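Hello,

Here is the structure for you to look over. My notes on it follow below.

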Amino acid sequence: MACSKDYNLGEFTFPRGWFMVAESAKVTDQPQGVHFLGQEFALYRGKDSGKVILLDAYCPHMGTHLARNSTSYVAQDGAVEGDSIRCPYHAWRFGPDGKCNHIPYSTGPIPPAAKVRSWPVVESMGAVFVWHDPEGGEPEWDAPFLQEWNDAAWTHWTFDDLGKIDTHPQEIVDNITDAAHFGPVHGSRTKFFENEFRGHLAIQRMGGGHRTLVAQGGPMLVTEAVYHGPSILITRMSGLYDSYIFIAHTPVDDGSSYVWHALLVKSASGGAATAADHAAARQYQDMALAAFAQDFEVWKHKRPCIQGMFVQGDGAFRKQRTWYKQFYNPRAQKQEFLKQVEGIHVPRGMEPAPDEMRAQSEASLPMVANA
Ligand code: FES
Ligand SMILES: [Fe+2]
């Protein structure tokens with residue numbers, strides 16, 4: 001298992017960005033402990049606001065985990081009160097802002113330091129995302145959201161929870177520039193392929209046949225895969241159906257990742273999705289998962305690629321790895337990386353994406369200010 005330092009990514013062990021930490025539907029007023037980005041959190045849904053709350057896990061009083069307890073009477077009676085949570089050990093209560101707002105047995109003042117960190121979270125498209133920034137800054141871009149989520153023609157995804165893999169996210173991000181794996185791994189006949197790096201976005205435009213996702217001799221599979229920051233990949237795909245693949249890989253500890261996969265699918269008619277469309281969407285997601293599993297199996301058993309032996313036609317791996325460094329270094333240094341990589345890169349021997357596809361990207365991608 002290799003760590004961020006081994007890849008020479010930068011100052012930080014964990015990157016800046018939005019990270020999926022849970023499926024929305026699984027967050028209730030029963031607090032749960034979750035472990036991501038090298039640390040423990042307490043995650044729950046407030047009873048008053050219905051909002052998801054993510055706090056640092058350890059109580060400042062004596063270090064008890066706020067959410068990994070089931071036997072204390074605090075836990076048995078329900079540790080969440082309104083939007084606050086009580087510690088299972090001596091019942092100090094913390095608000096959604098992380099500040100202690102009640103100590104049941106003490107008449108003295110609550111010490112100002114009696115607080116835990118409350119993390120910025122958003123719920124979007126059935127997922128809970130946290131903004132993580134080693135420098136403690138405000139979000140640099142919005143958490144991803146697809147307009148199609150609110151359109152009745154599209155069948156919502158249910159997440160494939162693929163669990164933890166002992167693979168550094170760098171190995172997974174490499175996939176966005178991997179032009180030469182499509183044939184061997186996925187059985188695609190790539191007709192065109194290009195990458196573009198722009199601010200926090202890394203884009204791959206690809207067109208070709210695909211043995212898993214389109215029938216032989218069927219329509220061409222055209223995909224536009226976009227990394228929205230270091231950890232969330234959303235791919236627009238036109239094949240058998242119009243769809244969006246969602247892949248999130250959140251660092252667990254340094255060198256491991258937790259992976260979710262999902263597929264948003266448009267109805268065959270383009271009108272409101274019917275029961276038959278929902279069933280077809282589930283089946284199509286399974287097919288997409290089978291294609292993703294082909295990548296996953298390689299990652300699971302490979303050794304880390306610290307220095308690849310890259311050859312002509314491999315794709316813009318070095319550019320991509322430089323692009324990825326922006327998230328592991330202070331925000332003030334971002335431009336140093338971006339100026340080396342921004343623009344469109346076509347591997348030697350491949351065709352670039354057609355102009356109409358680039359125009360469509362332009363219209364649909366979030367604007368990135370390169371100030
Ligand atoms: S350790 Fe949390 S209240 Fe005492
Ligand atoms: Fe792949």
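Glu23 is buried, at 13% relative accessibility. Here, buried means under 20% relative accessible area, exposed means over 50%, and partly exposed lies in between (1.4 Å probe, protein chains only). Its partner is Lys26: the two side chains meet in a salt bridge, 3.5 Å from N to O. Lys26 is partly exposed, at 49%.

Some background before you go on. This is a predicted model, where local features need pLDDT of at least 70, side-chain atom pairs count only at pLDDT 80 or more, and totals for chains, interfaces and linings use all residues. Residues are numbered from 1 along each chain as its sequence is written, chains are lettered from A and ligands numbered from 1 in the order in which they are written, and side-chain values use heavy atoms, with hydrogens and water left out.

Back to the charged pairs. The structure holds 18 salt bridges. A salt bridge is a side-chain nitrogen of Lys or Arg within 4 Å of a carboxyl oxygen of Asp or Glu.

- Arg86 pairs with Glu81 at 2.6 Å, N to O. Arg86 is buried at 12%. Glu81 is partly exposed at 32%.
- Arg321 pairs with Asp174, with the closest N and O atoms 2.7 Å apart. Arg321 lies in helix H5 (residues 317-325) and Asp174 in the loop between helix H2 (169-173) and H3, so this pair ties together parts that are 147 residues apart in sequence. Both Arg321 and Asp174 are buried.
- Glu194, Glu196, Arg198, Arg205, Arg358 and Glu362 are linked in a network of salt bridges.

Helices (H or I, at least four residues) and strands (E, at least two) are DSSP runs, numbered from the N terminus.

His186 lies in helix H3 (residues 182-186) and Asp295 in helix H4 (residues 275-301), so the pair ties together parts that are 109 residues apart in sequence. His186 is buried, with a relative accessible area of 7%. Asp295 is buried too, at 7%.

Best wishes
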